[in-house]
Amino acid sequence: SKAEMRHTCRGTINLATANITVEDSCNFIISNGGAQTYHLKASSEVERQRWVTALELAKAKAVKMLEESDDSGDESVSQTDKTELQSTLRTLSSKVEDLSTCNDLIAKHGTALQRSLSELETLRLPAESTEKIKQVNERATLFRITSNAMINACRDFLMLAQTHSKKWQKSLQHERDQRIRLEETLEQLAKQHNHLERAFRGATVLPASTPGTGGSAKDPCCPVKGDLSDEDDDNEFFDAPEIITMPESMGHKRTGSNISGTSSDISLDEQYKHQVEDTKKEKRTRIPYKPNYSLNLWSIMKNCIGKELSKIPMPVNFNEPLSMLQRLTEDLEYHELLDRAAKCESSLEQLCYVAAFTVSSYSTTVFRTSKPFNPLLGETFELDRLEENGYRSLCEQVSHHPPAAAHHADSKHGWTLRQEIKITSKFRGKYLSIMPLGTIHCVFHSSGNHYTWKKVTTTVHNIIVGKLWIDQSGEIEIVNHKTGDKCNLKFVPYSYFSRDVARKVTGEVTDPAGKVHFVLLGTWDEKMDCYKVTLSAGDNGAEGRQRAHEAEDSRVLLWKRNPLPKYAENMYYFSELALTLNAPESGTAPTDSRRRPDQRLMENGRWDEANAEKQRLEEKQRISRKRREAEAARATEDGKEGTSGLPPRSLPGPTALTPSLCPPGTPYDPYKPLWFERKKDPVTQELAHVYKGGYWESKEKQDWTLCPDIF
């Protein structure tokens, strides 16, 4: 393209700066000074000389063109910028002409003044007067010299401005053009990539399909704020094939007119009741397949570079039909690791299982490139598996800015897990970084062992072009605060040049003295193994750890990932647990994520309705927050006038501390979570939301009067 003409691209050499050297009778070399070198061989010496001559002529022409381009001013500058530049130069020129005229006048009058003073000196005047006239004459001379210097400096400035202003203007315009071309090129690349994938998918899927198995070839497109393009959602997600074949056992088929698998005439509440009746019998193993809607990804993401994504409204096309609270609950998929850990007599062995549990929470992310729904303030999610698996879990969205969720899980097998996670994310152009902040606590009841750790950074690559893929990187330190045992886990970032297995995780379990007892090795998407370290006489730590890796008889398989369900690639790559999380259940709180209407519509494939519903819910949340802030402000004013009392309650739901605790100059939101309260943790000394009880009792009584109306 034109943007590449004067700038080096990978694999090219600019002839204007190229070095052409002859090596021998048939070989010659072209290089640009080190970064790029071509060794070329001609069929004969005559052929080589023809090439070298042609290249030298082309180089001379390129150099001449470059010089002409530098001297020709700004041909690429727009007419408006040219007019503005010429006007500025004319103004500068007129000002310097004025200064030059003043200079001539000063010189003229200065000469006349000096002549008059000289004439005065020739007159017979008293000695005192003559001395005074000499001083005035010297000062007049100094003034003239200074004036001339000032005028010369102004003239030099004008020449400099005239010389460089065109180059500066051209450089600025070039940067603007480059930015525009970059955006256009990225969008074209994304479209081309998508067309290639669709062509490939059509070539591989279409021959295998048979009439009557799939429904229509394409689902109707979902307009998002009037923004449509040929770019497929496939740039962002792993989409289902355009020809969708559904197993007969699923009970419904997707067609172009029946996109959700249920009649659009049935209301959402009726669908919910109908689904509740079905899920009472058994856990569901299928959800409606993901529709293949188009979305111009770059048109949205180009405005998000460097921003906090939680503050940017996104269409549901980027989402999966689960909330962040449900994703947090998925950490319990391999709860049996904690069950086994609770039975361990050795705290070091117990730490191995806790480490495996920590790693297992990332196994669901390997193909899950869609983002979960941001929970509304006060939204909750319960998972009651007390009968089947011996545990029950509760999550609540305790803060909206920054987004924070509190999670508490109890097991009758002797452990408690709690965490408060704040998600921060930054879009960096080519990749998206997701940084979970907060500490996870795991306490075993019988031994009293209390473990804490933090999560690593998740990175989503190929945001603009190519298939999205996810990587985990960083280190986790798991500490047993009772015994002092530690486990250091290292998540090795993926490298194209590394010979290591992808997604590798290594770890060491040490006692308080720093002695290594176990070595952990595996991957965060497949399995984790444990090797016992046995140091013989004369072994140092490194040799002992190496020997542990080689001692296959001491290997213990701590954890292995469960296989994904059949057709998972068409169902957002959900695991068996994830497929059940949004299944309607009776008796849950009115704030439960399963009751969230936009999420339910999206799961049923009605994305255009889901987008409209999502906007309604977000606007409702904004109005509620403004109402609370206004009431808090009024309460503050009343307090200043001598009245007492807390801010009035605008919503069914408790309020928080007095407005006087709010930092000055910031709007005070008196929201207080319903099931969690903020306390200082005695172990980590951090302020965190801890479960205060009452939820399961309210569920048993079906008393939800305190729950706010958020949906």
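Guide: β14 and strand β15 (residues 486-491) pair in the antiparallel sense over six bridges. This is a predicted model: local features need pLDDT of at least 70, side-chain atom pairs count only at pLDDT 80 or more, and totals for chains, interfaces and linings use all residues. Residues are numbered from 1 along each chain as its sequence is written, and side-chain values use heavy atoms, leaving out hydrogens and water.

Visitor: What makes β14 and β15 a pair?

Guide: Two strands pair if DSSP finds at least two bridges between them. β14 and β15 have six, so they pair. Ile478, for one, has Cys487 in β15 as its bridge partner. Five residues lie between the strands of this hairpin, and Gly484 takes a positive phi near 90° there.

Visitor: Which strand pairs with β14 over five bridges?

Guide: Strand β13 (residues 457-461), in the antiparallel sense. Val460 has Ile470 in β14 as its bridge partner.

Visitor: Why is Leu120 called partly exposed?

Guide: Buried means under 20% relative accessible area, exposed over 50%, partly exposed in between (1.4 Å probe, protein chains only). Leu120 has 33% relative accessibility, so Leu120 counts as partly exposed. Leu120 lies in helix α2 (residues 79-122); a helix here is a DSSP run of H or I, at least four residues, and a strand a run of E, at least two.
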